[in-house]
Amino acid sequence: MRLENKVAVITGAAAGFGEGMARRFAEEGAKVVVADLNAKGAERVAADIGEAAIWTQTDVSQRSEFDEMVYAAKNAFGRIDIMVNNAGYTHRNGDMLDVDEATFDLITSVNMKAIYHAALAVVPIMERQGGGVILTTASTAGLRPRPGLTWYNASKGWAITATKSMAVELAPKNIRVNCLCPVAGETAMLEKFMGADTPEIREKFRASIPLGRLSTPLDIANAALWLASDEAAFITGVALEVDGGRCI
């Protein structure tokens, strides 16, 4: 029960990596706020977890919805110990000049600005409580970019730098800040990452990963669990590669 008596807010938790984290955190004793723009998916995940979870429909690009999410978390569980910025968005793999401005703006709002919104919403709470953990799902794309995903890659590089800077600034408040760098995995965004979902393209992606497979939600959830737990009490400012060796 590595997260016993902890309260975790997880965005993008209706599916994929976020759902994996929500379920794994609850297994280890956490109370979980399942936040997602997809209300039906968030409700399903929270219902499956049971009394240890609530759900909120949250658009992470909007500060007001962050405030509503935080209010729901505190109203239900009284505190927030762990904030996971997991919600993400990407353009389709292809020429960087073909990405329209609206898509670019959505990528920066979800992958970048939401981290700012989260900090404004939860840092004061964590400081009053004596500490906390902020965890962001970045990507190997921010460390070893693949062609065709330029603007997505850039947003994840920003998230990694923000993580490191936040870690230094928030350390005196006993708030640890880390990020995960997963390789491509079996999530709803995989088809966009690849450009098209064919056996040939899947094999091309798998061939770039030394351990020979894509990541899974459980892979990412287990890494997130460790970083969020007291076992990682002396770990901050880390961009942890969960990538089967992709970044070597």
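Q: What volume does the largest cavity have?
A: This is a predicted model, in which local features need pLDDT of at least 70, side-chain atom pairs count only at pLDDT 80 or more, and totals for chains, interfaces and linings use all residues. Residues are numbered from 1 along each chain as its sequence is written, and side-chain values use heavy atoms, with hydrogens and water left out. A cavity is a set of points, on a 1 Å grid over the protein atoms alone, where a 1.4 Å probe fits but cannot get out; grid points are joined across faces, edges and corners, and a volume is the space filled by probe spheres set on the points. The volume of the largest cavity is about 80 Å³.

Q: How are α4 and α5 oriented to each other?
A: Axes are lines fitted to C-alpha atoms, for helices over the stretch in contact, and angles run from 0 to 180 degrees between N-to-C directions. The axes of α4 and α5 come within 9 Å and cross at roughly 15°. Angles under 35 degrees count as roughly parallel, over 145 as roughly antiparallel, 65 to 115 as roughly perpendicular and the rest as oblique. The two helices, α4 and α5, are therefore roughly parallel.

Q: How many nonpolar residues are in the contact of α4 with α5?
A: Contact means heavy atoms within 4.5 Å; the residues involved include Phe104, Ile107 and Ile115 of α4 and Trp151, Trp158 and Leu170 of α5. Ala, Val, Leu, Ile, Met, Phe, Trp, Tyr, Cys and Pro count as nonpolar, Asp, Glu, Lys and Arg as charged, and the others, Gly among them, as polar. The contact has 1 charged residue, 2 polar and, as for nonpolar residues, 12.

Q: Is α1 parallel or oblique to α8?
A: Helix α1 (residues 16–27) and helix α8 (residues 217–228) have axes that come within 8 Å and cross at roughly 55°. That angle makes the orientation of α1 to α8 oblique.

Q: How many charged residues are in the contact of α1 with α2?
A: The axes of α1 and helix α2 (residues 39–49) come within 10 Å and cross at roughly 20°, which means that α1 is roughly parallel to α2. Glu19, Ala22, Arg23 and Ala26 of α1 make the contact with Arg44, Val45, Asp48 and Ile49 of α2. By class there are no polar residues, 4 nonpolar and, as for charged, 4.

Q: What volume does the largest pocket have?
A: A pocket is an open set of points with protein on both sides within 12 Å along at least five of seven lines. The largest pocket is lined by 41 residues, and Asn86, Ala87, Gly88, Tyr89 and Met189 lie nearest its centre. Its lining has 21 nonpolar, 13 polar and 7 charged residues. The space in the largest pocket is about 900 Å³.

Notes. On a 1 Å grid over the protein atoms alone, a cavity is a set of points where a 1.4 Å probe fits but cannot get out, and a pocket is an open set with protein on both sides within 12 Å along at least five of seven lines; lining residues have an atom within 4 Å of a point. Helices (H or I, at least four residues) and strands (E, at least two) are DSSP runs, numbered from the N terminus.
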